[in-house]
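Dear colleague,

Please find below the structure that I am handing over to you. My notes on what was found in it follow directly after.

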Amino acid sequence: KISVVGPNGAGKTTLVKLLCRLYRPTTGVIRINGRDIFEYEHQSYMKQIAAVFQDYKLFAFSIEENVTCKPCVGDERALMIMKDVGLYETIQSLPQNMASFYGKAYDESGVELSGGEGQKLAIARALYKDASLIILDEPTSALDPLAEAEVYEHFNDLVGNQTAIYISHRMSSSMFCDKILVIDKGRVVDFDHHQQLMKKTDGLYYRLFKAQAQNYQL
């Protein structure tokens, strides 16, 4: 579990978009298992990655289809994941539950979700894919602190042995990660766990963490 932190414009999102092969490096090579990622067959590579970006997209399909990307059949695993991300009660309150349409583009009885609920639905889709690498780029920016804490509290258990990369401006999210990658102006300036980075009082991570923590002091 890796947290990627740094100031605005440091290159956090660019980094994960490079990993997703949305961009091609202009110099250098990105390797996985010693091979250039562009040597892997595209569809096979994409199956191994599930990403939720800030500008995620939900579609005017059923709630279930938004999670599974398959025809709606009453998928029990999708429903269980909705419990895991905290959407179960919301879904159960809908007229057609998981078969309810998202939005009103094709169905006037379609449901609208709040920004936070939409993000949870996008996270549920990433978990359902069961990819070996999950990338969350500001996945909880529309959630209040309590809802965010709930998502992160369960997320480590949900991803299991999968590799997860988190980008969040809320520094508290980095505390449960195995390592923290600190970048500034497109360069790696540190890579360690939270306790070690907090010992470096002149480091960027320490300054970022303390600056945000001050806002929560009584």
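Arg35 counts as partly exposed because its relative accessibility is 38%, where partly exposed is the range between buried, under 20% relative accessible area, and exposed, over 50% (1.4 Å probe, protein chains only). Its side chain meets that of Glu39 in a salt bridge, with 3.3 Å from N to O. A salt bridge here is a side-chain nitrogen of Lys or Arg within 4 Å of a carboxyl oxygen of Asp or Glu, and by this rule the count comes to two.

Please note that this is a predicted model, in which local features need pLDDT of at least 70 and side-chain atom pairs count only at pLDDT 80 or more, while totals for chains, interfaces and linings use all residues. Residues are numbered from 1 along each chain as its sequence is written, and side-chain values use heavy atoms, with hydrogens and water left out.

The other salt bridge joins Lys200 to Asp190, with the closest N and O atoms 2.9 Å apart. Lys200 lies in the loop between helix 8 (194–199) and helix 9 (204–213), and Asp190 lies in strand 8 (residues 187–192), so the pair ties together parts that are ten residues apart in sequence. Helices (H or I, at least four residues) and strands (E, at least two) are DSSP runs, numbered from the N terminus. Lys200 is partly exposed, with a relative accessible area of 30%.

Helix 6 deserves a separate paragraph. Twelve of the 15 residues are buried, so the helix is mostly covered. Among the buried residues are Gly116, Leu121, Ile123, Arg125 and Tyr128. Asp130, which follows helix 6, has a positive phi, near 60°.

Strand 4 (49–52), helix 3 (63–68) and helix 6 each give two or more residues to the lining, and helix 6 gives the most, with five. By class, the lining has eleven nonpolar, one polar and four charged residues. In this scheme Ala, Val, Leu, Ile, Met, Phe, Trp, Tyr, Cys and Pro are nonpolar, Asp, Glu, Lys and Arg are charged, and the others, Gly among them, are polar.

On a 1 Å grid over the protein atoms alone, a pocket is an open set of points with protein on both sides within 12 Å along at least five of seven lines, a cavity is a set of points where a 1.4 Å probe fits but cannot get out, and lining residues have an atom within 4 Å of a point. Grid points are joined across faces, edges and corners, and a volume is the space filled by probe spheres set on the points.

There is one cavity of 30 Å³ or more, and the largest cavity holds about 40 Å³ of space. Its lining consists of Pro95, Gln96, Ser100, Phe101, Asp107, Ser109 and Val111.

Finally, Pro25 lies in the loop between helix 1 (12–19) and strand 2 (31–32). Pro25 touches Leu18, Ile30 and Phe38, not counting residues up to four places away in sequence, a contact being heavy atoms within 4.5 Å.

Yours sincerely
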